[in-house]
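Here is my note on the model, in numbered points. Please read it with the structure open.

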Amino acid sequence: MSGSKGMKRVLAVHDVSCFGKCSLTVALPIISAAGIETTVLPTAVLSTHTGGFEGFTYRDLTADIAPIALHWQTLDLHFDAIYTGFLGSLEQIDLVIELISRLASEDTLVIVDPVMADHGELYGIFGADFPQAMARLAAVADVIIPNATEAALLLGRPWTPPPYTEAQVRELCAALCAELAVPAAVLTGVSFEAARLGAASFEAASQTFCCAQEEIVPEMYHGTGDVFGSVLVAALVKGATLARACEAAVRFTVASIRRSYEAGTDNRYGVDFESGLAGLDALIESVCTR
């Protein structure tokens, strides 16, 4: 069963952080604004995200993942893409691998954001065995979108702090594809010069390597990786090449960051992506037709 009225359909598997604009509260509005039907599977519900907030509530939904997938299987649903983000445990990784095997068709695009680390450190809630498990999930993906820390962990390499050369980034992306047997990788947080920041993409079959960068905004905001990933997914589903989808995602994300910076928004609260939603479909169409 395809999306309503012939619409494309994406399944987003993330947690719900009720305040703070990340995960599903970002993925659902962004992918929907691109004219794509968005189905959600929440892996947990938190009162806020965990970055900079204390005393947040957390309700684990691991026990619901398999029954939801089984019910959807009886409905013969077709997903044009499955997009996974933060997963809180080894058990959830195994369940999502099983979910993909049940719900993905031959033409389903699987995009995995291996959310687990940043700035050289594995998130404190994860054990040392988590990256190896995440690598198993990455191996069933068509596209993975790690940052540099996550890429190093997936490959079992020591993390090297930036700056990076273009040759280093290309080698890292190529290694991800080769060692994880994944067709394409997008490395986020890529900067070759102090004033610009963006992402790099690599496609194994064609050995195509591309970079997309914008002028850097001097502030870090939570949830920007989810904004980037959601636009990337939407653009890919609408037919953009990986390089063009990466370009659209960088442009949209940086514009959202800039609006928030100019407004003086608390960086824990996420970025103002909402003001850009009206122009998102046009932005994606512009990269698709180039």
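1. Start with Thr-224. Not counting residues up to four places away in sequence, Thr-224 touches Thr-253, Ile-257 and Val-271. Contact here means heavy atoms within 4.5 Å. The residue sits in helix α7 and is buried, with a relative accessible area of 19%. Buried means under 20% relative accessible area, exposed over 50%, and partly exposed in between (1.4 Å probe, protein chains only). Val-40 is 184 residues from Thr-224 in sequence, and 19 Å from it in space, C-alpha to C-alpha.

2. A word on the basis. This is a predicted model: local features need pLDDT of at least 70, side-chain atom pairs count only at pLDDT 80 or more, and totals for chains, interfaces and linings use all residues. Residues are numbered from 1 along each chain as its sequence is written, and side-chain values use heavy atoms, with hydrogens and water left out.

3. Helix α7 covers residues 224-237, 14 residues in total. From first C-alpha to last it reaches 20 Å, close to the 20 Å expected at 1.5 Å a residue. The expected span is 1.5 Å times one less than the number of residues. Of its 14 residues, 13 are buried, so α7 is largely enclosed by the rest of the structure. Just after α7, Gly-239 takes a positive phi of about 105°.

4. Now the overall fold. The protein chain has 9 helices and 11 strands. Both are DSSP runs numbered from the N terminus: helices are H or I with at least four residues, strands are E with at least two. The radius of gyration is 18 Å, close to the 19 Å that the globule rule gives for 290 residues, so the chain is as compact as a globular protein of that length. That radius is taken over C-alpha atoms, and the rule is 2.2 Å times the number of residues to the power 0.38. Of the 290 residues, 50% count as buried. Among contacts between residues at least 6 apart in sequence, 69% join residues at least 24 apart.

5. Ser-17 belongs to strand β1 (residues 9-19). At 2% relative accessibility, Ser-17 counts as buried. Its side chain makes a polar contact with the side chain of Asp-15 (2.9 Å). A polar contact is a pair of N or O atoms within 3.5 Å; within protein, one must be able to donate a hydrogen and the other to accept it, and residues adjacent in sequence count only if both atoms are side-chain atoms. Leaving aside neighbours within four places in sequence, Ser-17 is in contact with residues including Cys-22, Thr-25 and Leu-46.

6. Lys-21 is not a glycine, yet has a positive phi of about 50°. Ser-23 lies in the loop between β1 and α1, and has a positive phi of about 55°. Lys-21 is partly exposed at 24%, whereas Ser-23 is buried at 4%.

7. Look also at the cis peptide bond that joins Pro-162 and Pro-163, with omega about 10°. Pro-163 is in the loop between α5 (148-155) and α6 (166-180).

8. Last, the cysteines. How many disulfides does a search of the whole structure find? It finds 0, with a disulfide taken as a pair of cysteine sulfur atoms within 2.5 Å. For Cys-177, the nearest cysteine sulfur is that of Cys-173, 7.1 Å away.
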